[in-house]
Amino acid sequence: MAEVSIRKVEKAYETYKAVHGIDLEIADKEFVVLVGPSGCGKSTTLRMVAGLEEITGGEIWIGGDLVNDVPPRDRDIAMVFQNYALYPHMTVFDNMAFGLKLRKFPREEIKKRVDDAARILDLTTLLDRRPKALSGGQRQRVAMGRAIVRNPRVFLFDEPLSNLDAKLRVQMRTEIKKVHQTIPTTTVYVTHDQIEAMTLADRVVVMNFGRIEQVGPPQELYHNPATRFVAGFIGSPAMNFFPVKVTNEGGLYVQWPGGVKLAVPPQRANRYAPYAGKEMTLGLRPEHLTETHDIEKPGVVRIEVPVDVVEPMGMETMVHFLVNGEEMTARVDPATHAAPGEMLPLAADMNNMHLIDNESNKVV
Ligand SMILES: Nc1ncnc2c1ncn2[C@@H]1O[C@H](COP(=O)(O)OP(=O)(O)O)[C@@H](O)[C@H]1O
Ligand SMILES: [Mg+2]
C-alpha cells in the first residue's frame, strides 16, 4: 500500500514562498495530476515528495511512513523527468538495468524485471540498441522502463512529454495510461497541459500561485469548476467570461453590456437570487453557445452576435465574436452559415451557465 499524504506542506526559497501550505491525500494506486501555469509550484511540490527538495513546513507521508527526513533513495519512489538523460554508451537493457545493478539485485531478477518492463513498453526487440539508435518516443519509453523495473511504491513524473512533438506526445500519453492500467502504482504526474491532465488523471489537482485551487475527477472540474481560475484553465477553447449584471424582473436575468438579456433557468433561481443587482461574471463554454436547432429546450436562450472570425476545424467550427471588445467563442456545426461581419443567431444553453463573484473569484 502506498498512499501519499501531503499535509500543510510549505516551501520557501529564502524569502520567496513557492508553496503555501498545501494539503493533498493521494490514495494507493491513484493517478493524480498536478496541473497549473508555469511557476505555480508543481515541480517544487513533486520534488518535495521525491525528497530532492527540503520542505520548509508540514509533513509528507508515503505508505504510512513520515518521510520528511528520509533521503530520496530510501523513499522507494521512481521519478521520470522531462530531460531523461540515458547513458549513451549503454544498451537499452543496461540503461534499464543500471539502477538495479547499483542496488545489487541478483542477475536473474534484473533480467526478469527488464524483460517484463520491455514487454509492457514494447521495447523487447530494442534491448541491444544504444540510445542514439532510438527515436525520441523510444528513448522516452526506456526512461519509463528504468522507473518501472524499480517496482517502486510511487511513480513521480515531471512533464515527461514536454520535449516530444505533438503527435508523439499524444501517443506517449496513451502509453503512460496503459502502463498504469497494467501495473497500477500510485502516481503523481506534473504537467502544465490541461488536456494531458484531463486525459490521464483519476483526480486533477489545479494549482495556482503555490496554492491548490481545486481537486477532483476531470469531469467534475470541467462541469463544476470552483473558481474563475479553474473555469478558465480547464477546457479548450477556454470558457467565455461575460461581464454581466444580475437583474430580478419577475424572473432572474443576466444582462451583458449592449443590453442582451439572458433568462436564468428557473431551477437556478434560488441559487442566484441573492446576487440580484450585482455585477458578476457569466461563464459559458463554447459548446454551450451553438447553432439554434436546440432552441426549444428549456433554459436555452436565443441571441444574435456579430461574427468576427470563423475557424472550420473539420468536425466543428469555432466562431469568434466580440462583446464589448472582448473575444468570445462559439462552437457550431460546420454546416452552420457564419461569415465575418454578419450577425449569427446562437443558442445559449443557460442550463450550463456559471456565475462568478467578481470579488472572491469563486463560482457561486
Ligand atoms: N531553487 C530555487 N530558488 C528560488 N526560487 C525557485 C527555485 N526553484 C523554483 N523557484 C521558484 O518557485 C516557483 C515555483 O517553481 P516550480 O515549482 O518550478 O514551478 P512549476 O513547476 O509549476 O513551473 C517559481 O516562481 C520558481 O521561480
Ligand atoms: Mg516545473
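How many Å separate an oxygen atom of ligand 1 from a polar backbone atom of glycine 39? The distance is 2.7 Å. Here are my notes on that site and on one lysine.

1. A word on the basis: this is a predicted model, where local features need pLDDT of at least 70 and side-chain atom pairs count only at pLDDT 80 or more, while totals for chains, interfaces and linings use all residues. Residues are numbered from 1 along each chain as its sequence is written, chains are lettered from A and ligands numbered from 1 in the order in which they are written, and side-chain values use heavy atoms, leaving out hydrogens and water.

2. Side chains also meet the ligand. An oxygen atom of ligand 1 lies 2.8 Å from an N or O atom in the side chain of serine 43, and for the side chain of tyrosine 16 the corresponding distance is 3.4 Å.

3. The protein covers 59% of the 570 Å² of accessible area (Shrake-Rupley method, 1.4 Å probe) that ligand 1 has on its own.

4. Residues around ligand 1 (a heavy atom within 4 Å) include Tyr13, Pro37, Cys40 and Lys42. Helix 1 (a DSSP run of H or I, at least four residues) gives the most to this shell, with three residues.

5. Now to lysine 11, which sits in strand 1, residues 4–13 (a DSSP run of E, at least two residues).

Conventions
Polar contact = N/O pair within 3.5 Å; in protein donor to acceptor, adjacent residues only side chain to side chain.
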